[in-house]
Amino acid sequence: MKYDIGQLTIDEKLKLLSGRTCWQTYDAEGKLPEVFLSDGPNGLRMIDKKTISAKTQETIKATAMPNISFIANTWNVDMAYLDAQTIADDCIENDADVLLGPGVNIKRTPLCGRNFEYFSEDPLLAGTLAKAYIEGLQDKGIGASLKHFCANNREYDRLFISSEVDERTLREIYMPAFEIAIQAQPWTIMCSYNPVNGVYASENAWLLKDILRDEFCFNGVIVSDWEAVHQSARAAKAGLDLEMPNRAKAYEELKEAYESGWLTIEEIDTHVQRILELIEKSKAAKKEITFTKEQRHENAVKIAREGIVLLKNEDNLLPLKKGNILVGGAGYEKPPFGGGGSAYVETDYPVRSLDKELAERLGENANVFTSPRTYFLHLEFLFNANKLLELASEADTVVYCVGTNQDIERESIDRTHIRLNATQENFLLKLLEVNQNVVVVVETGSAIDMSKWIDRVKSVVYLSYAGEGGQEALADVLTGKICPSGKLNETFPLSLDDAPVKNYEGNLFVDRYPEGVFVGYRYYDTFNKNVLFPFGHGISYAQFEYSDLRIQKITETDYDVSFDVKNVSSIAAKEVPQIYVRDVFASVSRPQKELRAFDKIALAPGETKRVSVKLNARAFAFYSVPLKKWYVENGMFEILVGSSSRDIRLRQKIQIEQPKEEQTTFPS
Ligand code: GLC
């Protein structure tokens with residue numbers, strides 16, 4: 001260890017347990033280098049160090065990457081890795097040592113203001129992509145901060161309202177993404193603001209010690225969310241290593257607890273040792289920039305190409321090939337790159353207008369024209385809207401962009417509904433009266449209710465928040481230069497009324513989670529609810545055939561599952577085969593199916609690939625609170641293979657018969 005704990009006085013040790021500034025660790029009067037922690041998961045959001053003590057701080061410009069939710073729509077670990085590798089270069093260039101991301105909180109409700117910043121409603125998808133993202137960052141010597149542990153699933157009053165969640169639901173839904181991502185050993189994990197079952201996460205020893213340290217074997221630094229600590233000594237005693245940012249009372253609270261003997265030197269040294277290891281890792285890491293600024297942008301485009309989701313495409317309206325094409329709506333000139341708050345990235349990349357991108361790709365075959373922007377500005381809208389309607393009646397196809405933006409989907413607020421604003425929705429309905437060949441491009445960070453217009457629109461493309469490369473990637477998809485291969489990471493319900501969680505259920509102090517494990521598709525599928533678009537949904541310009549499912553039993557709870565996927569079209573394409581498991585009969589209520597494996601495969605025209613995945617005991621288990629363990633119950637299970645959670649192509653039942661003595665007597 002280069003930085004010897006023995007060189008530190010007790011006062012220096014106590015001061016090391018909280019930040020020196022908003023973003024930097026304490027330097028022990030020059031004995032230690034500082035570690036600079038900076039946002040955010042969608043690209044570097046960092047205060048310019050030159051202005052850090054100035055009255056007006058400035059945010060540096062960086063590459064606005066596709067948002068975390070968009071990364072999840074790629075279902076591609078290589079894209080998550082490349083995303084983080086690209087952000088790491090911006091970090092290295094600006095001397096940021098730890099990036100405060102990725103966030104893996106589960107999308108419990110479509111209303112959560114930060115859903116754009118999180119991966120999915122499913123913990124396996126979230127954890128698997130987060131693990132790749134962390135590896136991408138740390139392979140370049142930039143630390144990650146896996147956040148926010150845990151059960152921070154809404155923004156409303158997030159600093160105080162307690163998430164009241166039963167243990168089985170915590171372990172099956174809200175913790176596994178962390179458990180999977182910790183396999184990459186993030187340098188830090190950030191605890192959440194909220195209490196969990198009445199104890200603040202920042203001082204919740206069950207979470208920080210029993211779960212993170214003892215069960216998940218996390219060996220890095222546990223850092224607080226910013227201002228999530230209410231009493232520094234209680235937090236340190238419960239296992240928090242580093243309080244951020246600096247707080248005037250932190251040192252005196254720690255000093256008093258130490259001098260009274262309540263906080264021992266062993267406990268203090270354990271925290272100090274971990275922080276010294278973080279400093280060591282950060283300063284010893286080989287940090288090499290490998291992408292130029294332009295290449296970082298190209299990476300943003302490359303990733304965006306993989307995460308655009310084609311939700312609907314009737315009459316093969318897409319891809320666009322020729323004719324008069326009118327482009328209009330909210331974001332065609334400048335779509336929302338990302339959601340608001342600490343994850344918002346300031347980029348200076350010149351925005352590319354969709355109409356120009358389309359014209360460039362279609363050339364002489366098409367006449368691409370636009371109307372004045374129609375967005376939230378009612379006055380501007382009213383004037384422009386009529387113009388657009390006039391033009392629309394002359395167009396063969398209309399590409400109409402709708403969506404939200406960083407002021408609507410942002411940290412610290414939740415949405416109150418999931419519809420488009422009335423201006424956009426009403427105009428779209430008018431547009432559909434004058435032209436039936438409409439392609440709607442949806443630019444939102446989370447699910448929206450399309451029920452008013454979906455049946456009258458032939459094609460819908462979900463751009464989500466695709467970052468600064470989104471327009472180029474969108475034009476590639478709309479013109480067929482590339483085949484869309486994104487899949488939804490969250491269910492799009494028909495309306496908010498159908499969602500298992502509409503807003504928080506509780507009182508001023510507690511948000512109850514009565515839905516338990518029935519979150520997202522686990523709810524909709526189990527209770528046979530119709531949805532607008534299911535979890536894992538996304539169509540292609542190509543078609544795929546699934547065949548020859550084979551399930552080989554290795555042990556009673558270990559199986560090799562393999563099957564063929566064939567591209568039966570004449571274009572190159574990518575598919576995301578998904579493998580779900582259903583427990584046909586259980587002694588506890590279980591979701592109708594749960595995602596247990598997935599892959600993303602590229603297929604040339606006519607090509608067949610064999611997909612093979614391994615299912616181990618966890619794929620069949622539920623968490624038994626009485627038995628205090630993950631428990632595989634004997635009986636019949638079904639393996640489901642599909643192109644989405646509701647497009648199951650292959651299925652086969654298996655029987656698990658473990659020795660009786662390992663089983664409980666129920667349900668026999
Ligand atoms: C914020 C966010 C967290 C962010 C941190 C620093 O409140 O909850 O995600 O990294 O504070 O900005």
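Modeller: Let us begin with a term: a residue is called buried under 20% relative accessible area, exposed over 50%, and partly exposed in between. Please note also that this is a predicted model.

Biologist: Is F585 buried or exposed?

Modeller: F585 sits in the loop between β22 (578–583) and β23 (594–598). Its relative accessible area is 53%.

Biologist: How many disulfides does a search of the whole structure find?

Modeller: A disulfide is a covalent bond between the sulfur atoms of two cysteines. Here the pair must lie within 2.5 Å. The sulfur of C112 has its closest cysteine sulfur in C150, 14 Å away, which is too far for a bond. For C191, the nearest cysteine sulfur is that of C150, at 10 Å, and the search of the whole structure gives a total of zero.

Biologist: Are C112 and C191 buried or exposed?

Modeller: The relative accessible area of C112 is 2%, and that of C191 is 1%. Both values fall under the 20% limit, so C112 is buried and C191 is likewise buried.

Biologist: Which backbone nitrogen lies 2.8 Å from a polar atom of the side chain of T25?

Modeller: T25 is located in the loop between α1 (10–16) and β1 (37–38), and it is buried at 0% relative accessibility. Beyond its neighbours within four places in sequence, T25 contacts G19, R20, P33, E34, V35, L37 and L242. The backbone nitrogen at 2.8 Å from the side chain of T25 belongs to V35.

Biologist: How many residues apart in sequence are the parts tied together by E117 and K147?

Modeller: E117 forms a salt bridge with K147, with 3.9 Å between the closest N and O atoms. E117 lies in the loop between β2 (98–99) and α4 (123–138), whereas K147 belongs to strand β3 (residues 143–149), so the pair ties together parts whose separation in sequence is 30 residues.

Biologist: Are E117 and K147 buried or exposed?

Modeller: E117 has a relative accessible area of 0%, while K147 has 1%. With the limit set at under 20%, E117 is buried and K147 is also buried.

Biologist: What separates E135 and K131 in helix α4?

Modeller: These residues form a salt bridge whose closest N and O atoms are 3.3 Å apart. E135 is partly exposed at 26%, and K131 is partly exposed at 25%. Because they are four residues apart in helix α4, E135 and K131 are separated by about one helical turn.

Biologist: Which strands hold E638 and K653?

Modeller: E638 forms a salt bridge with K653, the closest N and O atoms being 3.8 Å apart. E638 is buried, at 4% relative accessible area, whereas K653 is partly exposed, at 45%. The two are 15 residues apart and link distant parts of the chain, E638 being in strand β28 (residues 635–644) and K653 in strand β29 (residues 647–656).

Key: Residues are numbered from 1 along each chain as its sequence is written. This is a predicted model: local features need pLDDT of at least 70, side-chain atom pairs count only at pLDDT 80 or more; totals for chains, interfaces and linings use all residues. Side-chain values use heavy atoms; hydrogens and water are left out. Buried means under 20% relative accessible area, exposed over 50%, partly exposed in between (1.4 Å probe, protein chains only). A polar contact is a pair of N or O atoms within 3.5 Å; within protein, one must be able to donate a hydrogen and the other to accept it, and residues adjacent in sequence count only if both atoms are side-chain atoms. Contact means heavy atoms within 4.5 Å. A salt bridge is a side-chain nitrogen of Lys or Arg within 4 Å of a carboxyl oxygen of Asp or Glu.
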